[in-house]
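Subject: Structure handover

Hello,

Here is the structure you asked to look at. Please open it and keep it beside you while you read the notes below.

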Amino acid sequence: MFFRTEGITKRFGGLAAVEDVSASFEKGSITAIIGPNGAGKSTFFNLISGIHPITSGKVFFKDNDITKMPPQQIARLGIGRTFQTTNLFEQSTVLDNVLIGHRLRTKSGIWDAIFRTAREKEEEKRSYEKAMQALAFVELENVVEHPVSLISQEEKKRLAFALALATDPEMVLLDEPAAGVNPDETDGLAYLMRKMADHGITVCLIEHKMPMIMSLADKIVVLNHGKKIAEGRPDEIRQNEAVIQAYLGG
Ligand code: ADP
Ligand code: MG
């Protein structure tokens, strides 16, 4: 299997934010993680991207155990991500946001990102090429020199995709990629996620916009109170009794 978790658990004090979750993602597929607020969705992403140490369980990427790897190493291995709220530098250009983001994600600290050695200058050229590629992929090539403050909300979401894509990932974790955009603007974002999958990138997203999920996802994983309560194709999830209870029964 391309990517899988094996019974992962995260405890914050007495609270199990994620409990015994096993899930697997096929290469080039789109998996949606859904569940009520506080279900543990973002924590699940934080565990698999190395941001929070895992209490128990294991994470495998292409059969390599990455459970204890730090986030920069996981990013370099080929797992990109976006956050629920992406901190963009509003006064900087679209291009610079990708370049800065790329350095912060792949270097071990802010000082590495700031001080440039000769080798880093070479890397910088490569980063520039990767950034331009990522921006072309999300179809923002016409606004690369615009300050972020001047682009639309939907373009900011696409910029967040470019940030995740700039490390040339094999898999991306997208935390609520369509939050805060109009329903009629989500089509472009869904199209880009499908485009990623068509290029062989494994897409995993957290999302609340059900119509989008139902038409986009190959598989849905449902979390509730930290536990996986269902997993299946959209048409299976739609009729799943436990899922209906979790959403309607409170
Ligand atoms: P979701 O993304 O599904 O809304 P989260 O993963 O953000 O849910 O949160 C799951 C639970 O874990 C919540 O009860 C939340 O308060 C708790 N939680 C998340 N992050 C932390 C943290 N860093 N410290 C303590 N509790 C946390
Ligand atoms: Mg969340």
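The notes below go from the whole protein to one strand and then to the ligand.

Please keep in mind that this is a predicted model.

Overall shape

The protein has ten helices and ten strands. Its radius of gyration is 18 Å, close to the 18 Å that the globule rule gives for 250 residues, so the protein is as compact as a globular protein of that length. Along the principal axes, its C-alpha atoms fill a box of roughly 55 × 40 × 30 Å. Of the 250 residues, 37% count as buried. If you take the contacts between residues at least 6 apart in sequence, 68% of them join residues at least 24 apart.

The core

The largest nonpolar core has 63 residues. The members that touch the most other members are V98, L135, A162, V172, M193 and V203. Helix α6, residues 153–165, gives the most to this core, with seven residues.

Strand β7

Which strands pair with β7? Strand β6 (residues 79–81) pairs with β7 in the parallel sense over three bridges, and R81 stands opposite L173. Strand β8 (residues 202–206) also pairs with β7 in the parallel sense, over five bridges, and here V172 stands opposite V203.

The contacts of V172 can be listed too. Leaving aside neighbours within four places in sequence, V172 is in contact with G80, R81, A164, L165, M196, I201 and V203.

The ligand

Which residues are around ligand 1? They are F12, L15, A17, G35, N37, G38, A39, G40, K41, S42 and T43. By class, this shell has four nonpolar, six polar and one charged residues. Strand β2 (15–25) and helix α1 (41–48) each supply at least two residues of the shell. The largest share, three residues, comes from α1.

Regards

Terms used: Residues numbered from 1 in each chain as written. Chains lettered and ligands numbered in written order. Predicted model: local features only at pLDDT ≥ 70, side-chain atom pairs only at ≥ 80, totals over all residues. Core = buried A, V, L, I, M, F, W, Y, C linked by C-beta atoms within 7 Å. Buried ≥ 20, exposed ≤ 12 C-beta atoms within 10 Å, placed from the backbone. Helix = DSSP H or I, 4+ residues; strand = E, 2+ residues; numbered from the N terminus. Contact = placed C-beta atoms within 7 Å. Rg over C-alpha atoms; globule rule 2.2 N^0.38 Å. Near = placed C-beta within 6 Å. Nonpolar A, V, L, I, M, F, W, Y, C, P; charged D, E, K, R; others polar. Pairing = 2+ DSSP bridges.
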